Amino acid sequence: MIDFINVSKVYGNGVKALSNINIHIDKGEFVFIVGSSGAGKSTLIKLLLKEEDPTDGKIYLNDMDITKVKNRRIPYIRRNIGVVFQDFRLLKNKTVYENVAFAMEIIGSSSKEIRRQVPMMLSMVGLSNKAHSYPDQLSGGEQQRVSIARALVNRPTVLIADEPTGNLDPDTAWEIMRLLKEINRRGTTVLMATHARDIVNAMRRRVIALEKGRVVRDELKGVYDYEV
Ligand SMILES: Nc1ncnc2c1ncn2[C@@H]1O[C@H](COP(=O)(O)OP(=O)(O)OP(=O)(O)O)[C@@H](O)[C@H]1O
């Protein structure tokens, strides 16, 4: 489903962010991407979203070589990948309902589909009762739930979560992890970049560790790091 084959990325200023990356991820996997600051996690995500192009190598998403995809087809790729961020990135002047609906409007869904799909997603993330609230009336955990509903409303095959618990207290972080686990159980592939050692160690899922742009560890039921 996702393949990085001999992928390298050198930025314009000469920084080598990724060196000869080879990763294969199957449909339905839950994968943590770990590594210290600057290891290349965000670059990996940007390549998948086609916000950046690799300097070398090929990247496949659902059997499509996205390094060859023309610009006009980029929206199609992005529709197949939902993304959530540490800072939620909700639209402040829109309600919870409108934030989620907006993701459907921009890809041209009908208002009938929107009226059907948005309440379903809000119910899945446990926020039906907050549909008409604005983001600044919600807790951090609730805002992250809205951003997860928005990321999934167009039914992507992959959910990318870039440090999704970074702004949350430990209890709220675990609520978000339970939600991500449930989403994964229902079939969505989840890729989560994180510094949250406790979460990674407790979940025992696949862990891909990056160091200076290289994969230094790729383990099923892995841990955040090994004590030395
Ligand atoms: N747009 C850019 N132009 C030049 N260099 C960049 C750019 N983006 C990232 N880099 C560099 O590439 C390397 C990898 O950065 P990246 O953001 O992928 O790391 P990261 O693992 O996501 O770090 P963090 O945990 O801090 O988010 C770093 O040396 C960084 O300075």
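Student: What is the order of the strands in the open sheet of four strands?

Tutor: The order is β2-β1-β4-β5, and the pairing is antiparallel. Strands (E, at least two residues) and helices (H or I, at least four) are DSSP runs, numbered from the N terminus. Two strands pair if DSSP finds at least two bridges between them. This is a predicted model: local features need pLDDT of at least 70, side-chain atom pairs count only at pLDDT 80 or more, and totals for chains, interfaces and linings use all residues. Residues are numbered from 1 along each chain as its sequence is written.

Student: How many bridges join β1 to β4?

Tutor: Five bridges join β1 (residues 2-10) to β4 (residues 56-61). Asp3, for example, has Tyr60 in β4 as its bridge partner.

Student: Now the open sheet of six strands: what is its order?

Tutor: That sheet runs β6-β7-β8-β3-β9-β10, with mixed pairing. Because β6 (81-85) and β10 (214-219) each have a single partner strand, one side of each is left without a neighbour in the sheet.

Student: On to the ligand: which helix gives the most to the shell around it?

Tutor: Helix α1 (residues 41-48) does, with three residues.

Student: How do the residues of that shell divide?

Tutor: They divide into four nonpolar, seven polar and one charged. Here Ala, Val, Leu, Ile, Met, Phe, Trp, Tyr, Cys and Pro count as nonpolar, Asp, Glu, Lys and Arg as charged, and the others, Gly among them, as polar.
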